[in-house]
Amino acid sequence: MTAKQYIPSLTGVRGLASILIFFHHFNQEDFPPLLFRVLNEFHFPLSMFFVLTGFLICLRYYDNVELSSKWMRKYLKNRIARVYPIYLILTIVVFLFAWIANDNSIYNGKNSPLTLFIMNITFLRGFFDDMKFTGIAQGWSLTVEECFYFSAPIFFILIKRNKIYFLIAPLVITAVGVLLVLIFRNVDFYGFFNSFKFLFISTFLGRTVEFFAGMVLAMIIRKADDSVSNFSLYTWLGIIGIACTNLIMINQPISKEVPFALYQPIGIFTNNVLLPIAIATFFYGLIKENSVVKSILGSKTGELVGKSSYILYLIHLGFISKLTSDWLHNTADVFYAWLDKNEYWWLSEHLNYTALVLFSHLLILTLISIILYKFIEEPINLYIRKSNFLEKKN
């Protein structure tokens, strides 16, 4: 399989992951206890993003990587075009909203908006536990992604020399992270590598295995032929594996002080080591097998949602989401009052209020994401890729 081959089902996976993250963040305490507990441990969609990034970057760039100025400039231009413009635009909008509306929640209790803005647009906030949830709160994960983008060419060069670096590199990177925690955990510097929990949940140094799992999958796919099986063994093994990691997580004890199994050693190991293997298996099935899951994710709708998923991820929390949610709750209140006034009690009794608002919220945010993708993200992306940005002028 060549690096230039496009895999629609993996684009659809991005959309699926964003939707699942939405349900994790909007988990409701009035859900049935088992459903609440399952959604409470829905951390695996973020791992899907990380494994997928490792896979796609390795598949596209491993064969032609070179540590030359020309290659690096083109590589960085493509990465910037893909990630940065819409993030910058939305970050500016978020900080403008915070200033106009005097919404200090966006600063997460910090008193220097300008400093926080700089830390956000440079992705540096993701290295500091006290700053990671400022601005676009969920954007902390982009620091993890950017660390991989910048280090991936070095990994490729090392692995070309000796495949042992597939094992050595993650161990060395994790060791560096552990060393940083040992040095800084007693230093009050905005939470810079202040705990092992922060290291293994919120940084590339602690989550490198997820990216390397994707890279290993890319190496396997590179050498595979173009044949596709009609027996979806790996697809379902991957799904079962992902479900099993969630089962492990929901059986860990939680409390007010430890609200997620991910905050515990077993949860971290399950999420950062076992889960990437299951996800890579699932991705292999989506690439090499025909299945109902592949058909759905690779459909035109699945592709469209997948292509706009980055924006959905960026806006599903924050003021855009809150304004949408507030409007939906007000509209739902009016609608249910109208049902009762007109004596449609049978409908109001069987139409779950929470589910109606939740799915409507997701639908509206998805539509907003598609519009922003079509009219802002995609045009800017294509413009930068075709431009001479970062390239030497003759």
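Is Phe95 buried or exposed, and what is its relative accessible area?

Author: This is a predicted model. In it, Phe95 has a relative accessible area of 8%. The cut-off for buried is under 20%, so Phe95 counts as buried.

A search of the whole structure finds 35 aromatic pairs. One of them joins Tyr61 and Trp71, with 5.9 Å from centre to centre and 85 degrees between the planes, an edge-to-face arrangement. Tyr61 belongs to helix H3 and Trp71 to helix H4, which covers residues 69-101; the two are 10 residues apart, and their pair links distant parts of the chain. Both Tyr61 and Trp71 are buried.

Phe95 has a ring partner in Phe117. Their ring centres lie 5.4 Å apart and their planes meet at 75 degrees; planes over 60 degrees apart count as edge-to-face, so this pair is edge-to-face. Phe95 is in helix H4 and Phe117 in helix H5 (residues 113-121), so that this pair, too, links distant parts of the chain, 22 residues apart.

Phe50, Phe148, Phe155, Phe166, Phe204, Phe211 and Phe212 are linked into a cluster by ring pairs.

Arg79 lies over the face of Tyr149, 5.2 Å from the ring centre. For Tyr263, the charged end of Lys197 sits over the ring at 4.2 Å from the centre.

Helix H3, which holds Tyr61, spans residues 44-61 and also contains Cys58. Cys58 has 0% relative accessibility and is therefore buried. Leaving aside residues up to four places away in sequence, Cys58 touches Phe156, Met215, Ala218 and Met219. Asn104 is 46 residues from Cys58 in sequence, and their C-alpha atoms are 40 Å apart in space.

Ile168 has a relative accessible area of 34%, so the residue is classed as partly exposed.

Notes. Residues numbered from 1 in each chain as written. Predicted model: local features only at pLDDT ≥ 70, side-chain atom pairs only at ≥ 80, totals over all residues. Heavy atoms only, no water. Buried < 20%, exposed > 50% of the residue type's maximum accessible area, 1.4 Å probe, protein only. Helix = DSSP H or I, 4+ residues; strand = E, 2+ residues; numbered from the N terminus. Contact = heavy atoms within 4.5 Å. Phe/Tyr/Trp six-rings, centres within 6.5 Å; stacked < 30°, edge-to-face > 60°. Lys NZ or Arg CZ within 6 Å of the ring centre and 35° of its normal.
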